[in-house]
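I opened this notebook to keep track of what I looked up, one topic per entry.

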Amino acid sequence: MKTAQPLSAFDIALTSLPNGEHRFQYHLDGDFFELFEASLIKKADIKVDCTLVRQGNRIDCRVVSNGSMDLPCDRCLESLAWPVDDTSVMVVQLTESPAESTDEILYLPLGETRLNLAHYFYENIHLHLPLRAVCGESGLPCKAPEGFEALANQTASATNTGTDATDPRWEQLKQINFS
Ligand SMILES: [Zn+2]
């Protein structure tokens, strides 16, 4: 990936792409996301399974992304392996007069020889970044700093002292997972 034209690894030759179904597989890691200056993702392990169905000048793309990306936990700042599990579809239309492309349709001029979906993969994953990534809440573990859990337990038992144990609100509090 560390070549002069690193994204050319994602080029699909259109001139030699016959009608019918074609599959392309890619692996997106930290090196891939580093190629984009604005990337919020530094480490990732994502498998991309791309199915193209060509019908003349129209190519239907189905992109299945699976794996994980490392995000800092918003609570304890430890690294959290956030799951990526996404299926997106897009149409590529080769046309004499390309209109402005949208999220759903990518217009390319008729003579275009290559289709490169690297930006699409990149943007697609970024669209799925969570607003908030917190361990526990997401069902994902992440390493809490030393003493954090002990402190949380102390606080919980202090809260319970001298309280009517049948109060449902305290039962709710007990459900909160501090780990
Ligand atoms: Zn955390």
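I began with helix α2 (residues 118–127), in which Tyr120, Phe121, Tyr122 and Ile125 are buried; a residue is buried if 20 or more other C-beta atoms, placed from the backbone, lie within 10 Å of its own. Helices here are DSSP runs of H or I with at least four residues, and strands are runs of E with at least two, numbered from the N terminus.

I noted that the model is predicted, that local features need pLDDT of at least 70, that side-chain atom pairs count only at pLDDT 80 or more, and that totals for chains, interfaces and linings use all residues. Residues are numbered from 1 along each chain as its sequence is written.

Next I looked up what the buried residues of α2 pack against, and found β2 (20–29), β3 (44–55), β4 (58–72) and β5 (79–95), where contact means C-beta atoms, placed from the backbone, within 7 Å.

I then followed the strand pairing, which requires at least two DSSP bridges between two strands. β3 and β4 are antiparallel over 12 bridges, and Ala44 has Met69 of β4 as its bridge partner. In their hairpin, with two residues between the strands, Gly56 takes a positive phi near 65°.

β4 and β5 are likewise antiparallel, over 15 bridges, with Gly67 opposite Val84 in β5. Their hairpin has six residues between the strands, and Leu77 there takes a positive phi near 70°.

Finally, I traced the open sheet of five strands, ordered β2-β3-β4-β5-β6 with mixed pairing. β2 and β6 (105–109) are at the edges with a single partner strand each, so one side of each has no neighbour in the sheet.

Notes
Buried ≥ 20, exposed ≤ 12 C-beta atoms within 10 Å, placed from the backbone. Contact = placed C-beta atoms within 7 Å.
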